[in-house]
Amino acid sequence: ATYMKVGEYKKAVQDADACIRMKANYHKGYSRKGAGHLALQQYDEAIQAYTLGLERCGKVAALESGLAAAHRAKLDATPQSQALQTSQAAFRASQNQHASAQRSPTISGFIATTRRELKLQIAALEAQLDFIDSLLHMTDEAKMKLLFNVVDNDRDGKVCAKELAFALRRRNAEWSLDAALDKAIVSVAIFDTDGDARLNMQEFEEYVRVLLTELNISFDEFAEFMVLQLLFSKPSEQLVKEENQLDREDIDRQVKTHAEMLTLLGDERLFELFNLFDKNSKGQLTFKDVAVGLYPLTQDMEQSAKTTMELLLMIDNDEVDASSRTSEESKTHDPPNSPRTINYEQFGRLMMGIVATRNSSFDQVADELVLALTSKEKDKKNSKETSVANLMIADEMYQSFKKTVAEGRDVVTHSRLQKLFDLWDTNDDGKIGYDELKQGFASFEKSVGRKSGLSPEMEGQVF
């Protein structure tokens with residue numbers, strides 16, 4: 001470390017080698033060796049040192065960031081990157097000259113500044129031409145590294161969903177920010193193999209390989225187009241403003257949640273649970289299927305119906321929030337007046353919600369449900385029959401909420417729904433009885449200007 005501080009980089013490398021010989025799994029030895037080679041502009045040797053350190057010491061942040069820095073430095077030293085840097089520097093300088101010209105108090109000053117601006121613009125264009133010419137002669141490996149570094153806007157050696165969304169939106173100008181972000185979140189969740197909600201170089205390469213198959217284009221075409229778009233197309237001020245408002249940490253959380261979802265969907269136990277809930281083998285679950293299936297968790301049909309209603313409305317709300325999807329995707333949603341059903345993927349999301357609210361693991365919840373749903377106890381039928389009114393009320397309420405949302409009124413979020421239940425629980429006992437449900441449902445119907453959604457026959461049955 002001392003040799004690095006005083007600029008004795010060769011001695012720093014020698015000292016690091018000695019350290020590695022004494023302790024082969026000491027990550028600082030490799031980190032210091034890599035830094036020494038990097039300072040000496042020996043990029044291949046630096047990459048080799050960091051890579052060996054990761055192989056022997058495991059995942060260490062200092063080694064990962066050092067390896068990314070070595071790759072960037074090697075790329076920055078190429079003629080292509082130097083031409084690009086020249087172009088960008090000249091372009092920024094020309095913009096400064098343009099602003100200076102507009103502020104010039106004299107005509108002669110305006111002309112002189114404008115002349116410098118034009119010369120810089122010409123220099124920028126010539127450097128761009130040099131870059132494009134050199135791009136055509138780069139190897140596929142070099143193009144992939146260049147593309148990765150261009151997408152990696154903050155230059156931390158990894159591509160996050162936010163950065164990928166920016167790149168996707170540059171390629172697809174007609175995409176909304178939400179559409180690009182949704183695509184990026186799903187892509188990162190699928191190809192992120194180490195669970196850090198980012199794509200490293202290897203993960204990014206695999207993502208591009210699959211993307212090329214989907215787009216049915218060659219890597220040369222894709223890489224050259226994306227690099228030119230990202231480097232030389234100027235985004236609108238509105239686009240930049242929208243993208244700057246995104247919360248990277250929140251997006252990373254969404255990536256991890258989606259990754260957990262993908263893992264859960266591939267779990268055989270989720271498939272077994274879905275089949276246990278789906279007693280009629282229709283491949284779709286109704287409100288009643290879900291509520292009856294969740295009943296064993298509480299032995300309380302009121303609570304089961306309430307939980308089911310909250311979770312289904314939360315899923316509905318997510319789908320409404322994602323209404324920026326393509327029109328083809330929106331066609332798959334239930335028609336406004338159809339009974340609500342959920343498919344296997346939505347069932348997975350529902351189970352994730354249950355696991356989260358119970359502060360438990362999926363294995364624990366699955367064990368409990370499988371044990372209860374496969375039990376042959378005789379009292380289950382009686383307990384469900386005595387609570388059928390609760391289930392009918394909640395189902396009717398849910399359909400009414402769903403219809404309200406479909407008509408374009410306010411979307412009920414999970415938090416507001418919880419407040420609504422708290423409001424209806426007039427005696428603060430943590431449960432909603434028949435009278436409370438009837439009164440609350442009637443108040444809701446009145447507040448939205450509709451007659452009661454309960455038919456006279458239904459009212460007679462449940463009240």
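**Close-up views of a predicted model**

Figure 1. Helix H14 covers residues 248-265, and at 1.5 Å a residue its 18 residues should span 26 Å; the end C-alpha atoms are 26 Å apart, which agrees. The expected span of a helix is 1.5 Å times one less than its number of residues. Helices (H or I, at least four residues) and strands (E, at least two) are DSSP runs, numbered from the N terminus. This is a predicted model, in which local features need pLDDT of at least 70 and side-chain atom pairs count only at pLDDT 80 or more, while totals for chains, interfaces and linings use all residues. Residues are numbered from 1 along each chain as its sequence is written, and side-chain values use heavy atoms, with hydrogens and water left out. Ile251, Asp252, Val255, Met261 and Leu264 of H14 are buried. Buried means under 20% relative accessible area, exposed over 50%, and partly exposed in between (1.4 Å probe, protein chains only).

**Figure 2. Helix H19 and the residues at its ends.** The 14 residues of H19 (residues 344-357) should span 20 Å at 1.5 Å a residue, which agrees with the 20 Å between its end C-alpha atoms. Asn343 caps the N-terminal end of H19, placing a side-chain oxygen 3.2 Å from the backbone nitrogen of Glu345. Just after the helix, Asn359 has a positive phi of about 50 degrees. Buried in H19 are Gln346, Phe347, Gly348, Leu350, Met351, Met352, Gly353, Ile354 and Val355.

**Figure 3. Helices H3 and H4.** Two packed helices are described by the angle between their axes and the distance between the axes. The axes of H3 (residues 27-39) and H4 (residues 43-57) come within 7 Å and cross at roughly 170 degrees. That makes H3 roughly antiparallel to H4, a term for angles over 145 degrees; angles under 35 count as roughly parallel, 65 to 115 as roughly perpendicular and the rest as oblique. Residues in the contact include Tyr30, Gly34 and Leu38 of H3 and Ala46, Tyr50 and Arg56 of H4. Contact means heavy atoms within 4.5 Å. By class, the contact of H3 with H4 has 9 nonpolar, 5 polar and 3 charged residues. Ala, Val, Leu, Ile, Met, Phe, Trp, Tyr, Cys and Pro count as nonpolar, Asp, Glu, Lys and Arg as charged, and the others, Gly among them, as polar.

**Figure 4. Asp196 in a loop.** Asp196 lies between helix H10 (177-191) and strand S2 (198-199). Its relative accessible area is 17%, so Asp196 is buried. The side chain of Asp196 makes a polar contact with that of Lys158, at 2.4 Å. A polar contact is a pair of N or O atoms within 3.5 Å; within protein, one must be able to donate a hydrogen and the other to accept it, and residues adjacent in sequence count only if both atoms are side-chain atoms. Apart from neighbours within four places in sequence, Asp196 is in contact with Lys59, Lys158 and Lys256.

**Figure 5. Ser134 in helix H7.** Ser134 belongs to H7. With 16% relative accessibility, Ser134 counts as buried. Its side chain reaches the backbone oxygen of Phe131 at 2.8 Å.

Terms used:
Axes fitted to C-alpha atoms, helices over the stretch in contact; angles between N-to-C directions.
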